[in-house]
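I opened this notebook to keep track of what I looked up in one structure.

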Amino acid sequence: MTLSLDQAGQQAWDWLEDAARFSETRNVEKEGVTRRCATPEHRALLDQLAAWMKGLGMHVRMDNGANLIGRYPSSQDDARTLLLGSHQDTVPNGGKYDGMMGVILPLALISYLHENAIDLPFHIDVVAFSDEEGTRFSSTLLGSKVLAGTFEPGMLEARDGQGVTLGKALADFGCDIERIDADRYLPDDVIAFIETHIEQGPQLEQAGLAVGVVSAITGIERHEVTVKGMAGHAGTVPMHMRQDALVGAAEVIMLVDRLCKDTDELVGVVGKIENAPNGVNVIPQTTTLSIELRSPDDSLRRQARAQLFSQINTSLEALNLGFDHCQTYEQPAAHCSKRLIDTMHSALQDARIEPRVLFSGAGHDALAMADLCDIGMLFVRCRGGISHHPDEAIKLEDLSAAIEVLTNTCQRLAQHHHTS
């Protein structure tokens, strides 16, 4: 028996529909999928994934970070390992495909390889990472940090909304948290990590392309700015004498928006704002807001930061306002391996898909895996660029196309393996 790419795509589609049932929500079509780390839904999904994996002749285990790992073994016992996968967890009321598609597509690839008796000179480990979104414990990239060897024991102290620690939840889930360090992969044993993900943006759809290659995962920085003015009666203080913090904050918002619109490969947002005293007839005294900047080019992002805060300083001085500022977060960009970008570029051409290279504006498990090995990513077209929402939607034929690109990628890596 052989399996066609179209049949593998249909299998992936059916598996994705089945996987979406493991959710805290009752009506997945309307409420989306909610699946958090180390919950009954997580357990039920892993049981189902393990059954599918074993049906493909894979060796299955769960590590102590609650990652499920299925190995499709090479006939060469001393072979190195190609890692494929993504996360099984979701945001609250998320879609069926963010994360989960990157687990199921590699399984459909294995099914295609298995049914067509294709042997590779390396093992393939498919990973369903335990917790990328951080929905339950606000501690992201848990599973991928375990595999990469960058897991920090302090993460185990994170608590969920009911006060349960991550350490307790993992222990109750069947993990030995004292042995998490032993679950890291060794760099010499790993060829690369490749993650497949819905694009979470509209570029592939607008270009009429099913699959694209990712060049880098964006760097992110976040800031908290408090604009300081003077409260006063909104009916009695003349307009030209006011020190209105909210007016200053509006200037800051416009500066962020203008800078990002005028700078290629830079996006940003003011996503959170708090105003005080926040009365209908009181001039605002302080306004605190968040600023987030993202770019795949870290030097460009830092230059933009310097330019932005110079502009903020000038604008607020002109309004007779002060401000406090602190940087609260910074995550450098992770660049995909040129070797893998070139390999997947050729794999797209092999599948008669026009190669398109784009960067990821969102974080992924590949961010953490970059500390272990070369990383590569494929994006699959999603309708309207919608993600983290019940309306996430993909096309069946795009799953088949992605499986073909993954197959071509593996075969090209195998050719390189034989000649190196």
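Entry 1, the model. I noted before anything else that this is a predicted model.

Entry 2, aromatic rings. I looked for aromatic pairs and found two in the structure. I followed up one of them, Phe 129 with Phe 193: the ring centres are 5.8 Å apart and the planes stand at 75°, so the pair is edge-to-face. The cut-off I needed here is that planes over 60 degrees apart count as edge-to-face. I then checked where the two rings sit. Phe 129 belongs to strand E4 (residues 123-129) and Phe 193 to strand E5 (residues 190-198), so the pair ties together parts that are 64 residues apart in sequence.

I found the charged end of Arg 21 over the ring of Phe 22, at 5.0 Å from the ring centre. I also found Arg 43 over the face of Phe 173, 4.1 Å from the centre of that ring.

I looked at helix H1 (residues 5-19) and helix H4 (residues 101-115), whose axes come within 9 Å and cross at roughly 140°. The crossing is right-handed. On the H1 side the contact residues include Leu 5, Trp 15 and Leu 16, and on the H4 side they include Met 101, Ile 104 and Tyr 112. I sorted the contact residues by type and got 11 nonpolar, two polar and no charged.

Which strand holds Ile 220? I found this residue in strand E7 (residues 219-228). The relative accessible area of Ile 220 is 6%, so I put it down as buried, since buried means under 20%. Leaving out residues up to four places away in sequence, I listed what Ile 220 touches; among them are Glu 292, Arg 301 and Tyr 329. The C-alpha atoms of Ile 220 and Ser 295 are 6.8 Å apart, although 75 residues separate the two along the chain.

Most residues other than glycine have a negative phi, and most peptide bonds are trans, so I searched for exceptions. The peptide bond from Ala 276 to Pro 277 is cis, and Pro 277 is in the loop between strand E9 and strand E10. Ala 117 has a phi near 55°; this residue lies in the loop between H4 and E4 and is exposed at 68% relative accessibility. Ser 138 has a positive phi of about 55°. I placed Ser 138 in the loop between E4 and helix H5, where it counts as exposed at 67%.

How values were computed
Residues are numbered from 1 along each chain as its sequence is written. This is a predicted model: local features need pLDDT of at least 70, side-chain atom pairs count only at pLDDT 80 or more; totals for chains, interfaces and linings use all residues. Side-chain values use heavy atoms; hydrogens and water are left out. Rings of Phe, Tyr and Trp (its six-membered ring) pair if their centres lie within 6.5 Å; planes under 30 degrees apart count as stacked, over 60 as edge-to-face and the rest as tilted. Helices (H or I, at least four residues) and strands (E, at least two) are DSSP runs, numbered from the N terminus. A charge sits over a ring if NZ of Lys or CZ of Arg is within 6 Å of the ring centre and within 35 degrees of the ring normal. Axes are lines fitted to C-alpha atoms, for helices over the stretch in contact, and angles run from 0 to 180 degrees between N-to-C directions. A crossing is left-handed if the near helix is turned anticlockwise from the far one by less than a right angle, and right-handed if clockwise. Contact means heavy atoms within 4.5 Å. Ala, Val, Leu, Ile, Met, Phe, Trp, Tyr, Cys and Pro count as nonpolar, Asp, Glu, Lys and Arg as charged, and the others, Gly among them, as polar. Buried means under 20% relative accessible area, exposed over 50%, partly exposed in between (1.4 Å probe, protein chains only).
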